[in-house]
Structures are given as structure tokens and as C-alpha cells.
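I opened this notebook to record what I looked up, one place at a time.

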Amino acid sequence: MRIGEIAAVVGVTTRAIRHYHHVGLLPEPERRPNGYRAYSLRDAVLLARVRRLTELGLSLDEVRDVLADDAGRELADVLTELDADLARQEAEIQERRRRLAVLLAAGPEEAEPLSPALAELLAKAPPTDSPTAAKDREHLILLDAAGAGGQEVYAVLGPLAADPAVLALYDRLDELADAPVEDPRIAPLAAQLVAAVPDEVFAAIPADGAVAAGFREALLAEYAPAQAEVVRRVMEAFIERGRG
């Protein structure tokens with residue numbers, strides 16, 4: 001292949017290829033009698049590898065280190081790894097398209113960057129004017145955007161989200177907006193909230209209780225003191241049962 005041909009196959013510019021040659025990232029191929037570079041399949045594989053690594057955000061020096069580790073590997077091994085990389089890219093694109101489909105299906109005033117699984121879960125919840133229910137929705141959207149949710153958790157939360165009895169628990173939490181942290185209603189409400197959550201949800205919680213850095217602190221700061229105490233107790237119970 002000539003430089004223009006390999007550039008078209010891999011999807012880079014001829015200028016980029018010449019730059020990779022200049023910085024020593026891509027070895028110069030043999031030249032034909034007419035002076036044109038003659039690129040092989042291995043050159044194309046190497047160039048595709050460089051493109052993939054730079055797309056992942058690696059600097060050219062970091063790419064050089066990765067390629068040095070690949071030296072001497074069989075072509076079939078490198079091709080297999082490239083195929084796996086492409087499969088991951090394809091899965092990521094499909095997930096983005098699923099999220100885009102949710103946005104396109106919603107009205108302009110309803111559009112939110114939700115995963116299809118979370119959109120389905122929220123659609124099951126009965127309407128309510130509860131401020132704490134609105135906070136729960138916002139927190140789920142945040143966790144979903146951060147990738148800390150998941151189809152498995154959303155699926156097992158479905159029956160809970162659709163249960164009208166949960167609205168009464170939200171109402172009781174709303175009633176604590178102006179209460180002191182010593183309010184006797186805190187402990188029984190926290191216990192009932194924990195009891196309302198299916199065991200399958202606890203099984204899906206990470207053993208270390210981790211979600212996103214600083215998330216718990218930011219979440220608790222959203223509530224009034226008595227409400228925050230209820231939520232804190234519920235979260236601690238979640239972590240403890242998740243470890244179990």
C-alpha cells in the first residue's frame with residue numbers, strides 16, 4: 001500500500017502518518033524503486049493501534065511505551081486485541097444511541113440524559129409533589145450519569161418505585177423538614193425505609209459502599225438535619241447489608 005491508501009484504510013491523514021514517522025513512532029517502511037513507501041498489513045495494524053491509543057487520550061510518548069510492550073507479538077494476537085477494541089467501541093456507540101433514542105422519544109421539556117433502564121424505572125413511579133421524592137429522582141439521574149447505576153439495580157427497584165405505599169414514606173420524610181435531629185420519628189422511619197428495599201438491591205451494592213467520590217456528603221447536605229439523619233442511617237444500613 002502507498003501512504004494515501006494506508007491512510008484511507010486506517011482513517012488517518014497522510015500528514016499524521018508522516019508526523020509519526022518523524023517522531024519515530026511509526027517505522028519507515030521499505031521504499032519501492034520509484035521512491036514511494038510500500039506499507040504492509042503489519043504497518044496498517046500498527047497505525048490502527050496508534051490511532052486507537054491516541055483516541056483513548058494517551059500522549060505519543062505513552063503510545064510509544066505501549067507499542068514497545070507489543071514488540072515481537074504475533075500479528076494474530078495484535079489483530080485479536082484490535083478486534084476486541086473495536087467491539088468495545090461498537091458497544092459504547094450502541095449505548096450512546098440508546099440514550100439518544102430516549103431523548104428523542106421525550107418531549108423538549110422532558111428530555112433528560114437518562115439511560116433507557118432508568119427512564120423505564122422512573123416511568124413506573126406514581127406522580128407526587130413530594131420534595132424528597134424529587135430529590136431521589138435527581139440523585140438517581142446523577143448516579144446514572146456517573147455510571148454508578150445499572151440495569152440490574154433498576155430492574156429490582158421497579159416494584160418498589162411503582163408501590164403507592166412508598167409515597168407515604170416520602171410524606172413522612174417531608175414532615176421532618178423542620179424537626180430536630182433528636183426527633184423520635186427518625187429511627188422508626190429509617191428502619192421502615194430499609195425494610196421497604198428488596199434484598200436484591202442490597203446484593204447489588206458494592207461491598208465497600210462506594211458510589212462516587214464525595215457523593216454521600218453532597219447528598220446529605222441536600223437535606224434538613226433530621227432528614228439527613230434518616231438518610232444517613234438508611235445509607236449505613238445499605239452498606240452493611242451489602243457487605244453481608
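I listed what Tyr223 touches, leaving aside its neighbours within four places in sequence: Thr132, Lys135, Asp136, His139, Ala228 and Val231 are in contact with Tyr223 (contact means heavy atoms within 4.5 Å). The model is predicted, so I kept its limits in view: local features need pLDDT of at least 70, side-chain atom pairs count only at pLDDT 80 or more, and totals for chains, interfaces and linings use all residues. Residues are numbered from 1 along each chain as its sequence is written, and side-chain values use heavy atoms, with hydrogens and water left out.

Tyr223 sits in the loop between α12 (215-220) and α13 (225-243); helices are DSSP runs of H or I with at least four residues, numbered from the N terminus. Is Tyr223 buried or exposed? Tyr223 counts as buried because its relative accessibility is 9%; buried means under 20% relative accessible area, exposed over 50%, partly exposed in between, with a 1.4 Å probe and protein chains only. I also checked Lys135: 88 residues separate Lys135 from Tyr223 in sequence, and 9.0 Å separates them in space, C-alpha to C-alpha.

Entry two, helix α1. In α1 (residues 3-10) I found Ile3, Ile6, Ala7 and Val10 buried. They lie on the same side of α1, because they cover an arc of only 105 degrees around the axis (the arc of the directions from the helix axis to the C-beta atoms). An α-helix has 3.6 residues a turn, so residues three or four places apart point the same way. Ala8 and Val9, on the other side of α1, are exposed. The cover over the buried residues of α1 includes α2 (14-22) and α3 (41-55). Just after α1, Gly11 has a positive phi of about 90 degrees.

The contact is made by Ile3, Gly4, Ile6 and Ala7 of α1 and by Thr14, Ile17 and Arg18 of α2.

The axes of α9 (residues 165-174) and α10 (residues 186-196) come within 11 Å and cross at roughly 155 degrees. I therefore noted the two as roughly antiparallel. In the contact I read Leu169, Arg172 and Leu173 from α9, with Pro188, Leu189, Gln192, Leu193 and Ala196 from α10.

Key: Axes fitted to C-alpha atoms, helices over the stretch in contact; angles between N-to-C directions. Parallel < 35°, antiparallel > 145°, perpendicular 65-115°, else oblique.
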